[in-house]
2 protein chains.
Amino acid sequence: MVSLETVHAAIGQTMPAILYDFDERDTILYALGVGAPLNPFDKTDLKYVYELHPAFCALPTMPVIYSSKMIDDIVSGNIAGIEFNPMMLVHGEQAIELHKQPPAGGKIRCVPQIRNIYDKGSGMLIVTDVTCFNEQDDTIAVTTSSMFIRGLGDFGGERGSSDKITIPEREPDVTHEEATLDRQALLYRLSGDINPLHADPDMAAVGNFKRPILHGLSTYGFAARTVLRHFADNDPARFKSMSARFSAEVYPGETLVTDMWDTDDGVVFQTRAKERDAIVLNNARVIVT
Amino acid sequence: MVSLETVHAAIGQTMPAILYDFDERDTILYALGVGAPLNPFDKTDLKYVYELHPAFCALPTMPVIYSSKMIDDIVSGNIAGIEFNPMMLVHGEQAIELHKQPPAGGKIRCVPQIRNIYDKGSGMLIVTDVTCFNEQDDTIAVTTSSMFIRGLGDFGGERGSSDKITIPEREPDVTHEEATLDRQALLYRLSGDINPLHADPDMAAVGNFKRPILHGLSTYGFAARTVLRHFADNDPARFKSMSARFSAEVYPGETLVTDMWDTDDGVVFQTRAKERDAIVLNNARVIVT
């Protein structure tokens, strides 16, 4: 049982800064990990996977991996004095706000901070903000992760509100279908999240999954690419922010179907794993200019 | 026109040593680049793609990429004073002889030497040996590459013999079929051979290919994995040597069909691109213990 004092002391605490030093190969590996290119036989996505392309660039969601090290720290089971069984941790939600186009290589400094900790009854929700700075010390992006720790609730803390993004009551404006690779998780994990759950069938069984599951952040990248293509002419400079909830697991090899609605509050979307008709991303939105 | 004196002076010449410094991620990336795992839903190939596996190891053909830098040097169009248009160069054959199981990470020193240069009439054939040493200075492997430079023949040099590996006059003992990914070349190139021919449709068109082609060495790795699985119980320690000729291009996404014969002189094989019924690897053999 975590004491309310420990929780109060943790809120607002800054965690150790992380240096992420990467190059063009890492940028391409991330792009391949989230499904780019849509079609390797045309050139529309070549700029994400080919460093000699004149417009070579990172996908706008790449900053979510700058802080893989922080996720590692969290998974180790100790956040600001709050101890827990790492197997009880679930990545609940992820948001990203872009201030500048992320670079395709270089050094990034990430400063993680605990924004808030909520008592959801069945578990504890820890919300962290990571501010990412480039070598000129400009803010590139702020990434916000919500981690849910099952069984750690009922400590007397605030419940917090849930932002609910409403899906319009009409057919989707655009629906996009795209298969993941059967080896998508093996590829994505090379971008830094090496949790055995995504590779080892035995560890997946421990987590009650029939097979290793795909990283939520890989699915997240697939969805971002899809919205970017259909609503921003595949121009990463027009991508401003994204948020989504990981509502169910995806198995590598499944087909992702994303329904999108253009609204006054941005592109609202929902992603399903077609084979099981399971909603895997919801409460989800992208803002493009 | 290259003079016979230049050719004679080049034969036996040692090229600058190459240091290849790599880690587990590079080892996994190579494995993914040559098609491992065959099936991500079973565990037979997990040891090649998951660094926490107790038997984690490199695929035995990985040393062919240690010398990517040498291939780069060759592609730059100058080998020991022999100048040529890089677009005229074709990777003709590749052999590898294993002395020790290659490591899954560390530092490798490669010493390339020009073994011989032949006059094939229509072009020049340059054969290089690269001896690869580990940090203890033990020889890990010797890789032999034959590079054919179209249009540079008829300089009055020796023709050389061609070793011909004979296929038995019977049905194959084993036939194995395996699809490559449509993005196989984009993935394989992250192992070091970043020739635009394998990524950029425009550059592929310059080379008279309808699309970017797969690296010969990726196909080579697919074939090696296949023989290893069917004739050596998927145990890399039993893989001793391999040689093959690149007889035609492979387009990413095509299905490779490998016919194999167990003979007194090792496992003789031939690989076809199923969709075009084109033989892509021939004169090919693997020795396993």
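Between chain A and chain B there are 12 residue pairs in polar contact, both residues at pLDDT 80 or more; a polar contact is a pair of N or O atoms within 3.5 Å, where within protein one must be able to donate a hydrogen and the other to accept it, and residues adjacent in sequence count only if both atoms are side-chain atoms. This is a predicted model, in which local features need pLDDT of at least 70, side-chain atom pairs count only at pLDDT 80 or more, and totals for chains, interfaces and linings use all residues. Residues are numbered from 1 along each chain as its sequence is written, chains are lettered from A and ligands numbered from 1 in the order in which they are written, and side-chain values use heavy atoms, with hydrogens and water left out.

**Where the chains meet**
- Helices H2 (24–33), H3 (46–49), H5 (184–188) and H6 (201–206) of chain A each bring at least two residues to the side that touches chain B; helices (H or I, at least four residues) and strands (E, at least two) are DSSP runs, numbered from the N terminus.
- H2(A) gives the most to that side, with 5 residues.
- In all, 32 residues of chain A are in contact (heavy atoms within 4.5 Å) with 32 residues of chain B.

**Salt bridges**
- Chains A and B share 6 salt bridges, each a side-chain nitrogen of Lys or Arg within 4 Å of a carboxyl oxygen of Asp or Glu.
- A:Asp202 and B:Lys43 join their side chains in a salt bridge, at 2.8 Å from N to O.

**A residue to look up**
- You will find A:Met87 in the loop between strand E3 (82–83) and strand E4 (89–98) of chain A.
- A:Met87 counts as partly exposed because its relative accessibility is 36%; buried means under 20% relative accessible area, exposed over 50%, and partly exposed in between (1.4 Å probe, protein chains only).
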